[in-house]
Amino acid sequence: MSIKPLIALLPLCVLAACGGGSDSSSTSTGSSSGSSVSGYTVAGRMSVASNVDADGDTNDANASSVSNNTLSSAQTIPNPAIVGGHVNVAGQGNSGSTRTSGDVSDFYTVNLQSGQLITLFIAEVTQSSVDLDLYLYNSTGQIIDASVNQGLNESLYSSSSGQYFIEVRAESGGSNYVLSLSQNISGNSDASERGARLSDDFNVGEFIVELDQNNTLSAQSSVNTLSSMGLQTQSFDTTRRMLFTEDESTLSNLSTDDTTCDQFAEQSLCDKYKTLMQLKDLQQRSDVASASPNYLLHELRVPNDSFYDYQWHYKLINVPQAWDATLGSSNVIVAVVDSGVLLNHPDLRTELVSGYDFISNTTTAKDGNGIDSNPDDPGNKEGRTGTSNFHGTHVAGTIGAATNNGVGVAGVGWLTRIMPLRVLGRGGSGSEYDAEQAIRFAAGLNNDSGTVPAQRADIINLSLGGSSISTGFSTAIAQARAQGVVIVAAAGNDGSSTPTYPASLDGVISVSAVGISKKLAYYSNYGTGIDVAAPGGDKTTADLDGDGRADLVASTFGDDSSNSIEFTYYYQQGTSMAAPHVSGVIALMKAVNPNLTPDDIDSLISSGRITDDIGSSGRDNQFGYGLINAYKAVTVAASTAGSSSSAQTSAAALVVSPTSLNFGSTTTSATLNLYNGGGGTVTVTDLSDDGGDVITVTAQTVDSNGLGSYLVTLNRSSLAAGTYSATIVIRSSTNTVRVPIILQVVAQTQTSSGGDAGYQYVLLVDPDTLETVQEARATASNGVYSYRFTGVSAGQYQIIAGTDADNDNLICDSGEACASYLSLDNPSTITVNGSMSLADFATTFNVNFLTINSADETAGFEGYSRLSSDNTKQVQQ
């Protein structure tokens, strides 16, 4: 049997870039095929959403600089917003524009609505030498709140509507960052997750301290040292947490560094600030295991899974309603045939059954051997720079991350078990033969491991694919189906109708991807082979729901940029992310009806009984038989199982998607989808809004009960410049749903209403050697970057683009913009045999979630190298 490559639909490459090139020009370093001056021209455009903005003065030595270092020079930003930037104290960080003089503070001015969330994601948050803090000022320039923690991302809320100033301040070191302004969709978060704020309720001058029992200093010596700092305790048991207090005179003498008390709106805020700065000093002591304020307790609603509120993709397909019927079953197993899984990830380790590593090529495997019983993902990055994609870990988290455990993300199936099977290694690639062995193992068939699992899988998820596959692979698919195994695969990310395999094989459920607006994602394949659609995310919709995050799929992840693996959560997009939604839903179906066969599932999909028809009536080439609906799927599965089913019928309820709308400064319309999230009947009785003539809601495709799609349009003509909010209220026979709206009106004097993702380096890359052939540079004009490569030799290439705010010669670091044609999750390979103009693709800033590991630290995300062979920048003058 021939061995053909299967390429993960989320590869991540380490790119060696050339230097050089000024705006709209390019520089060539040559390629394996040899450049020719008389070659072809490759040109295109990259778009950025209007809510994306960039810090005016980063450390990038090539980018122009506009200072925003003071209140008087504060940079105006949109709302909602995603802003990428960089700050550093003098003498810290990489060599660049701001290293010598420092860029300690970045100030921004913005009109906020009451209760909006301001979040500062810090790229180097795990580095003890780096400390960035977040300050909020009122319209007169007085500090009214601050988040001043060490080793945590910072966040604040606006207390009322009006003009504010926001400061990002480097207390030590230097780092990229992303500042996010969003609607508050999840309530005030737990301080144990996000650190202390001035606005928190705590006792001034009081600290709860736990001493490090393993420190070389004795506990009593530590107490004496703290006493010399003015901290007293009445506790005598040094083996547990102790309350330390400082008297008023000690507190009044505490330094506020460069921040004086007259900068605060109230004296009490200054006292609280001193307490928090003292707290930071305590937390950095080697003899202190933990230190926190002495909070005043109130009854608070605390979301369980920290990032569940950002998992819009579950609400889009009625997963929460399905959970009212079933949480899944530990007897249902989904095999994830992929890059392996991070077996010790805290949101996955309790959800796994034994798997296998089927990578037979030791070079590809990257774990030092051939096939073995350890499917842990060692990462697939090349060299010591960059990071691995941990593709299988992201896929597995969507299917069955530990849910309702107070950590990270939720999975579609709370109780579903994951069988990790590793077939993708170096470069995100693997072979057809290895994938076939994994499928055989999952189905309980004989295979090269010489063993079979104690219990075969019920579903196999294949978020991988290639342009061709041998006919013999179909035999393995048919044999697995004969064992009762349902097989689900990603349709591909080429944005074309070209078939991808194994998704296009008979007996495989092929899944296309939609974004938050239920439209086909720009990267998703389509065509006659598509069976069903599911959420895969779409970067081009920016932040439609206004939650301060790109509209991508959130799941479990890993970060090995520091050359040791840390456990994280991250956003991705792709049909690789869509397929596990379908696998997870089928697992819920099998939980209530274990007797369902692959033919049963096929029949239910083709009948439209478990999907929502979101395209042309009946089957179409974009969405197949429709968007998977988890509640319908579980209800139908239970009804076919008879009275023995464990599923419960969910009460009728009106559900609206998206749950909130962000119109930014340029969007003029959006679609709301209304549907019944339970059993029985729901009738829409009234639909109103408080937006006056600004908001119009028009029925588009609606049934006799008022359910269906509604178009929401805006007319900003009567509004002055500023940020506005409104609410659409939809009443039904069962419940009332409120959809918050936020929008911005820019001043007529503003010359550009487009977004700006900073100074971009656009790389033309040889996909085989990963060498950069040319580098172009571009700045935004009305939300669009134009790039052009000249003298390009005939051949195949990929295009990667990003910023370098910290001037470390790496684009796509955490906190920097990053994009690829057509999708970063699966860079498309273009064939150049003549001059060509490419389709647009989108960019935004790169944000990583908090890391969870044994030290409860956080991690950044390293990117693509833009170093030339002699390790210096080659700048074309």
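The legends below describe several close-up views of one predicted model.

Residues are numbered from 1 along each chain as its sequence is written, and side-chain values rest on heavy atoms, with hydrogens and water left out. Because the model is predicted, local features need pLDDT of at least 70 and side-chain atom pairs count only at pLDDT 80 or more, whereas totals for chains, interfaces and linings use all residues.

**View 1. The chain as a whole, with its helices, strands and buried residues.**
The chain holds 13 helices and 49 strands, where helices (H or I, at least four residues) and strands (E, at least two) are DSSP runs numbered from the N terminus. Of the 877 residues in the chain, 60% are buried; buried means under 20% relative accessible area, exposed means over 50%, and partly exposed lies in between, for a 1.4 Å probe and protein chains only. Among contacts (heavy atoms within 4.5 Å) between residues at least 6 apart in sequence, 74% join residues at least 24 apart.

**View 2. Helix 9 packed against helix 10.**
The axes of helix 9 (residues 432–442) and helix 10 (residues 472–482) come within 10 Å and cross at roughly 10 degrees; axes are lines fitted to C-alpha atoms, for helices over the stretch in contact, and angles run from 0 to 180 degrees between N-to-C directions. Helix 9 and helix 10 are therefore roughly parallel to each other, given that angles under 35 degrees count as roughly parallel, over 145 as roughly antiparallel, 65 to 115 as roughly perpendicular and the rest as oblique. Helix 9 contributes E432, A435, E436, I439 and R440 to the contact, and helix 10 contributes F473, A476, I477, Q479 and A480. These contact residues divide into six nonpolar, one polar and three charged, with Ala, Val, Leu, Ile, Met, Phe, Trp, Tyr, Cys and Pro counted as nonpolar, Asp, Glu, Lys and Arg as charged, and the others, Gly among them, as polar.

Helix 13 (residues 630–641) has 12 residues and reaches 17 Å from its first C-alpha to its last, close to the 16 Å expected at 1.5 Å a residue; the expected span is 1.5 Å times one less than the number of residues. The buried residues of helix 13 are A630, Y631, A633, V634, V636, A637 and A638, and their cover includes helix 6 (319–323), helix 11 (575–592), helix 12 (598–607) and strand 30 (627–628).

G397 lies in helix 8 and is buried, with a relative accessible area of 1%. Not counting residues up to four places away in sequence, G397 touches Y314, L348, A410, G411, S555 and T556.

**View 3. D602 in helix 12.**
D602 has its place in helix 12 and, at 28% relative accessibility, counts as partly exposed. Leaving aside neighbours within four places in sequence, D602 is in contact with R481 and I509. The C-alpha atoms of D602 and V486 are separated by 9.1 Å, although these residues are 116 apart along the chain.

**View 4. D559 at strand 27.**
D559 belongs to strand 27 (residues 553–559) and is buried, with a relative accessible area of 2%. The D559 side chain makes a polar contact with the side chain of S561 at 3.0 Å; such a contact is a pair of N or O atoms within 3.5 Å, where, within protein, one must be able to donate a hydrogen and the other to accept it, and residues adjacent in sequence count only if both atoms are side-chain atoms.

Most residues other than glycine have a negative phi, and most peptide bonds are trans. N807, which is not a glycine, has a positive phi of about 60 degrees, and N809, also not a glycine, has a positive phi of about 65 degrees. N807 is found in the loop between strand 42 (795–802) and strand 43 (810–811), and N809 lies in the loop between strand 42 and strand 43. N807 counts as buried at 9% relative accessibility, and N809 counts as buried at 14%. A cis peptide bond joins N79 and P80, with omega about -5 degrees, and P80 lies in the loop between strand 5 (75–76) and strand 6 (81–88). The peptide bond from Y821 to L822 is cis, with omega near -10 degrees, and L822 sits in the loop between strand 44 (817–820) and strand 45 (830–832).
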